[in-house]
Amino acid sequence: MVMDDETWMRHALMLADKAEREDDEIPVGAVLVGAEGELLGEGWNRNLAEHDPTAHAEIVAMRRAGQRLGNHRLVGSTLYVTLEPCAMCAMAMVHARVARLVYAASDPKTGACGSVFDLVGDPRHNHRVEVSSGLLAEEASRRLTNYFRAKRGKPLLD
């Protein structure tokens, strides 16, 4: 499963690059994979392009998966995302019954899957999401850092 995790996370990183390159969005990518290993949906940040505060990579991927499946429940799925999800995205995963979350970089400011909050593991919810963190975190963090450094006119990190 670890090899599959890395493959899917690399796909999510490619989507993060697409967000920055094509839309000048914060480089976050997400991939939702079904229980049988099939791609259900993918997304990247679209907040700016769609003028939509809810168009985070995770939400876009889950929306596409729901449309593909014809169901708002995404039971048995795994969400791969390059940055720890925020509270909005974390609760959407709980409501959708996503089974597992794999994220790369932690978010010490708004992370809601173990860093600042742990909404997906809260026992008060009727569903909890299994979480694995840190996969390819350095690559994801460097993309994010360089995006913001470029915006501020600072030299990029290697």
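A salt bridge here is a side-chain nitrogen of Lys or Arg within 4 Å of a carboxyl oxygen of Asp or Glu. By that criterion, a search of the whole structure turns up 13 salt bridges. The model is a predicted one.

## Salt bridges

| Pair | N to O distance | Location |
|---|---|---|
| Glu139 and Arg10 | 3.0 Å | helix H5 and helix H1 |
| Glu130 and Arg100 | 3.6 Å | strand S5 and strand S4 |
| Arg143 and Glu139 | 3.8 Å | both in helix H5 |

Glu139 and Arg10 form a salt bridge at 3.0 Å. Glu139 is partly exposed, at 22% relative accessibility. Arg10 is partly exposed too, with a relative accessible area of 38%.

Glu139 also meets the side chain of Arg143 in a salt bridge. Those two residues sit four residues apart in helix H5, about one turn of the helix. Arg143 counts as partly exposed, at 21% relative accessibility. A network of salt bridges links Glu6, Arg10, Asp17, Glu139 and Arg143.

Glu130 is partly exposed, with a relative accessible area of 49%. Arg100, at 10% relative accessibility, is buried.

## The sheet

Five strands make an open sheet in the order S2-S1-S3-S4-S5, with mixed pairing. Strand S2 (39-44) and strand S5 (130-133) are the edges, each pairing on one side only. From one strand to the next, the twist averages 15°.

Strands of a sheet pair through backbone hydrogen bonds, either parallel or antiparallel. S1 and S2 are antiparallel, paired over five bridges. Leu32 has Gly41 as its bridge partner in S2. The hairpin of S1 and S2 has five residues between the strands, and Gly37 takes a positive phi near 90° there. S1 also runs antiparallel to S3, joined by four bridges. Across that pairing, Ala30 stands opposite Val81.

S3 (residues 78-83) and S4 (residues 100-105) run parallel and are joined by five bridges. Leu83 faces Ala105 across this pair.

Which way do the residues of S1 point, and are they buried or exposed? Gly29, Val31 and Val33 point one way, Ala30 and Leu32 point the other way, and all are buried. In a regular strand the side chains alternate between the two faces of the sheet. Five of the five residues of S1 are buried, so the strand is largely enclosed by the rest of the structure.

## Helices on the sheet

Helix H3 (residues 57-69) lies across S1, S2 and S3, and runs at about 150° to S2. Helix H5 (residues 137-151) packs on the sheet and touches S3 and S4. The direction of H5 makes about 60° with that of S4.

## The nonpolar core

The largest nonpolar core has 43 residues. Within this core, Leu79, Met93, Val98 and Leu101 touch the most other members. H1, S1, S2, H3, S3, helix H4 (87-96), S4 and H5 each contribute at least two residues. H1 gives the largest share of the core, six residues.

Leu79 shows how these pieces meet. Not counting residues up to four places away in sequence, Leu79 touches Ala30, Val31, Leu32, Glu58, Ala61, Met93, Val98, Arg100, Leu101 and Val102.

## Cysteines

How many disulfides does the structure hold? It holds zero disulfides. Cys89 is in none, and the nearest cysteine sulfur, that of Cys86, is 3.8 Å away. The cut-off for a disulfide is 2.5 Å between the sulfur atoms. Cys89 is buried, with a relative accessible area of 0%.

Definitions and conventions:
Residues numbered from 1 in each chain as written. Predicted model: local features only at pLDDT ≥ 70, side-chain atom pairs only at ≥ 80, totals over all residues. Heavy atoms only, no water. Buried < 20%, exposed > 50% of the residue type's maximum accessible area, 1.4 Å probe, protein only. Pairing = 2+ DSSP bridges. Axes fitted to C-alpha atoms, helices over the stretch in contact; angles between N-to-C directions. Contact = heavy atoms within 4.5 Å. Core = buried A, V, L, I, M, F, W, Y, C linked by side-chain atoms within 4.5 Å.
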